[in-house]
Amino acid sequence: MLEVAFVVPLHGPAGMFGPSCEACGRLAEEEINAAGGVLGRELRLRVVDGGAAPGEVAAKVAGLISDESVGAVAGWHISAVRQRIAPLVAGRVPYVYSPLYEGGETTPGVFLAGETPGRQVLPGLRWMAAELGIRSWCIVGDDYVWPRVSAAAARRYAPSCGALIADEVFVELGTQNFDAVLRRVARSGADGVLMFLVGSDAVQFNRAFAAAGLDATCVRFSPLMEENMLLATGAANAVGLYASAGYFESLPTTDSLDFSARYVRRFGVDAPALNSLGESCYEGLLLLAQLAERAGGMDPARMTASAEALAYSGPRGDVRMRGNHLLQNVYLAHADGLEFEVLAELTAGV
């Protein structure tokens, strides 16, 4: 048996993703096992709450590795958690980090399944400038590594997009009151808000943004805005809201539609909303199984050596590895009521 520490948020600002992350993880577990497991071993997920303090999560995972309870780590959790887990895991067991993130992770044995700013934010800014004429932005983000590093990347990208970053505002994770932030947005005169907010923080911001009437003159663009957050935001508060991701539940591709059908068959129509963050957990476990099969074992160094030529098909279509990163198509969508309408393919993954 191969037990995997499956680190997903069960509470906190990202807790709303937990149910869909767990459901997608269970679907991957069942489908991988039905196909023969990982190198003939049954895959079993051991859920770890990734919504706890980063040091607490890392200590839990390190303990599971030390007593040989788990042979790999995977899941969706914020970068602050990843940065604490990675050095404790390095070279001991493979660690597949599923989410979109800020880029730059090089810890041995860590494999990245998600989107990075150069393939998600940069082409999104170019599309917004070319199609909507949005050339001035106010950045609003949570105050930790992913928003900070992604905002720095956006500043570098702006000149090549003919764009200007007019202001940047960062708030503590779990912020409920955005009054001061909205005043900064209004004073900036920006045409758009580039959002690096997580979960319930983004929901609260979207509601306050619309209540202040800023949606009449200013669009919003986020690389982390999925179906659960859209439902919580509400259709009336989502006018002019855009998102980019490697997967949307409404993505009209054969691979995506097939995945959605399997998800509904397994969990029913009342299952947690299928979304890019949950699907990334499925993708991460699929990547782990593919890496193990290609390397012929669970040794992280052998996985790294054999990863470069790895390619396969999944819910996101054809994907391939470059170094320790999984490359996939990235799409741009806008909120149409309580659903996302995919408007364009921003980046080709293969």
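Arg 316 and Glu 115 form a salt bridge, with their closest N and O atoms 3.3 Å apart; the term covers a side-chain nitrogen of Lys or Arg within 4 Å of a carboxyl oxygen of Asp or Glu. Arg 316 sits in the loop between β11 (311-314) and β12 (317-322), and Glu 115 in the loop between β5 (110-112) and α4 (117-132), so the bridge ties together parts 201 residues apart in sequence. Both residues are buried, meaning under 20% relative accessible area, while over 50% is exposed and the range in between is partly exposed (1.4 Å probe, protein chains only).

This is a predicted model, in which local features need pLDDT of at least 70 and side-chain atom pairs count only at pLDDT 80 or more. Residues are numbered from 1 along each chain, and side-chain values use heavy atoms, without hydrogens and water.

The whole structure holds 13 salt bridges. One of them joins Glu 3 to Arg 46, with 3.5 Å between the closest N and O atoms. Glu 3 belongs to strand β1 (residues 2-8) and Arg 46 to strand β2 (residues 43-49), 43 residues apart. Glu 3 counts as buried at 19% relative accessibility, whereas Arg 46 is partly exposed at 33%.

Another feature is helix packing. The axes of α2 (residues 54-66) and α3 (residues 79-89) come within 8 Å and cross at roughly 30 degrees. That makes α2 roughly parallel to α3, a label for angles under 35 degrees. Residues in contact (heavy atoms within 4.5 Å) include Val 61 and Ile 65 in α2, and Ile 85 and Leu 88 in α3. The contact residues comprise 11 nonpolar, 1 polar and 1 charged, with Gly counted as polar.

Note on methods. Axes are lines fitted to C-alpha atoms, for helices over the stretch in contact, and angles run from 0 to 180 degrees between N-to-C directions. Helices (H or I, at least four residues) and strands (E, at least two) are DSSP runs, numbered from the N terminus. Angles under 35 degrees count as roughly parallel, over 145 as roughly antiparallel, 65 to 115 as roughly perpendicular and the rest as oblique.
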